[in-house]
Amino acid sequence: MANNQPAEQDHFDLLPFIAIMMCLLGTLLLVTMSMAAINVGAGAGEGWVPEQDPGAKIPVLIEWDGHSAIWHSDAGIRTIEVDLARYARTNVGWLRVDPDGGQEEVRNQKGGDLKLLLDYLETRKQTHYALLAIRPEGFFNLRRFTARFQERKIEIGSEPVEAGKPIHLILPANPGETGAKTQ
Amino acid sequence: MTRRRTQLFEQPSLVPMADMVTNTVGIMLFILIFVSLSAGGVIISRHLPRERATHAHPVWLYCAHGRIVSFDANELGRELALPLGEPSGANVEQWARRYSGRSLTTDDLFVSGEADTENGGLRQLVAVRARPDRGDDEAAIRNSASSFQRLLTQRSRTDDFLFFFVSPDSVRLFRAARDRAAEAGYQVGWTPVAPDVPARVSLSGSGREATIQ
């Protein structure tokens, strides 16, 4: 009976199957190449590894973009809005002096979180230092920012970093109390 | 006649091709899984900078617009001040005003003087801006005939250190130049400069000390 069937019906047509497979192959190629380009190429993150020197201080990574400091702390990543203005006590509150010289009477000081960071580093300045990753937007006022650390005699190091590039610090397995998060 | 030829034509089997395509898709799936797993863990090891004072003599370099240029701030300051003579107590304010109006153009740089008086003391600076398309770019600094490479061979590794003024558009260039300098045995420091802001070097000892990192 099978022999009576027409010759075209002996096997099913593989062309649609091949077409689907080729489409899948193209999609997979696109996804693979995109992932590779994003993660290995321009969008690659950087892992910074400290020197293996017994006398070296432990870095505390802080990213600076001109407006906020991103502190990679033990408790996680904290974003701190930084106010670079100076404050002087007055009878009614505070006199806020902008970096460009402008003055304003305010009730409260801003930038309390930066004080936390500075306090943290100041209490550990024998063993820790501030490692600043500077984004291009932070170039113009970096010196004013670092002055806050230098006023308290906290050692710093700085490294320029491309905008948007993820940075993380890779510390040895047992660095003690680090202040920096290993990711 | 035509009908007979059609009947004689034998369609080639697509089974080997289907086999091949299926295998390729399988391999691609493996590659995709491998890339997905490894992509998150890309690490670039980097020397971590930490500022330290040094007694070495700074060699100034300016990285802007993707080019790098070295300059001798003391020499430029002397050239700017040449027609003005030496500043003295009586005319120091006038000297500072005249010095601030001075400028010159070198092969690679626009140079201007900046000076003022503070508590009777003179604060004298040299401000430099890059000239367009002058200096070595990232490709050129790998060339042994480039000005940058010549500088590395001419200067002392122990008595000099390289200090870079870096504009945001030249971070990659700075890193490449710093790597070359480190390979050559030099210590290096850097400071950022905002776009279109000149690099300023104090000749009177005021301001922030250049450090190595």
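Predicted model: local features only at pLDDT ≥ 70, side-chain atom pairs only at ≥ 80, totals over all residues.
## Confidence in chain A

The average pLDDT of chain A is 79, and 80% of its residues score at least 70. Confidence in chain A is highest in strand β8 (residues 128-134), at a mean of 93, and lowest in strand β5 (residues 86-89), at 76.

Over residues 176-183 of chain A, pLDDT stays under 50. For this stretch the model has 25 contacts beyond four places in sequence.

## Layout of chain A

Chain A contains three helices and ten strands. Along the sequence they follow the order α-β-β-β-β-β-β-β-α-β-α-β-β. Chain A has 183 residues, of which 22% count as buried. Of the contacts in chain A between residues at least 6 apart in sequence, 66% join residues at least 24 apart.

Two domains are assigned in chain A: domain 1 (10-40) and domain 2 (46-84 + 111-169). Taken over C-alpha atoms, the centres of these domains are separated by 46 Å.

## Helix α3 of chain A

Which residues of helix α3 (residues 142-151) of chain A are buried? They are A:Leu142, A:Phe145, A:Thr146 and A:Phe149. These residues sit on the same side of α3(A), because they cover an arc of only 90° around the axis.

On the face of α3(A) turned away from the buried side are the exposed residues A:Arg143, A:Ala147 and A:Glu151. A:Lys153 follows α3(A) and has a positive phi, near 60°.

## Layout of chain B

Chain B has six helices and eight strands. From the N terminus on, the order of these elements is α-α-β-β-α-α-β-β-β-α-β-α-β-β. There are 213 residues in chain B, and buried residues make up 31% of them. Among contacts in chain B with a separation of 6 or more, 69% are between residues 24 or more positions apart.

B:Arg123 and B:Ser202 are 79 residues apart in sequence, while their C-alpha atoms are 7.5 Å apart in space. B:Arg123 is partly exposed, with 17 other C-beta atoms within 10 Å; a residue needs 20 or more to count as buried.

## Helix α5 of chain B

Helix α5 (residues 147-154) of chain B has the buried residues B:Phe148, B:Leu151 and B:Leu152. Seen down the axis of α5(B), these residues fall within an arc of 100°, so they line one face of the helix.

The buried residues of α5(B) pack against β1 (57-64), β2 (67-71) and α6 of chain B. The face turned away from the buried side of α5(B) carries the exposed residues B:Thr153 and B:Gln154.

## The largest nonpolar core

In soluble globular proteins, nonpolar side chains tend to be buried together. The largest nonpolar core in this model has 72 residues. Those with the most contacts inside this core are A:Ala130, B:Leu61, B:Tyr62, B:Cys63, B:Val126 and B:Phe164.

What does B:Tyr62 contact, leaving aside its neighbours within four places in sequence? Its partners are B:Val69, B:Phe71, B:Val128, B:Ala130, B:Phe165 and B:Ala199.

## Where the chains meet

The contact between the chains takes 41 residues from chain A and 33 residues from chain B. On chain B, α2 (15-39) and α6 (171-183) each supply at least two residues of the side that touches chain A. The largest share of that side, 14 residues, comes from α2(B). By class, the side of chain B that touches chain A has 24 nonpolar, six polar and three charged residues.

## Positive phi values in chain B

Most residues other than glycine have a negative phi. B:His65 has a positive phi, near 55°, and lies in the loop between β1 and β2 of chain B. B:His65 is partly exposed, with 18 other C-beta atoms within 10 Å.

The phi of B:Asp133 is also positive, near 60°. B:Asp133 is placed in the loop between β5 and α5 of chain B. Is B:Asp133 buried or exposed? B:Asp133 is exposed, because 10 other C-beta atoms lie within 10 Å, and 12 or fewer count as exposed.

Methods
Residues numbered from 1 in each chain as written. Chains lettered and ligands numbered in written order. Helix = DSSP H or I, 4+ residues; strand = E, 2+ residues; numbered from the N terminus. Contact = placed C-beta atoms within 7 Å. Nonpolar A, V, L, I, M, F, W, Y, C, P; charged D, E, K, R; others polar. Core = buried A, V, L, I, M, F, W, Y, C linked by C-beta atoms within 7 Å. Arc of directions from axis to C-beta. Domains from an automatic or database assignment. pLDDT = per-residue confidence, 0-100.
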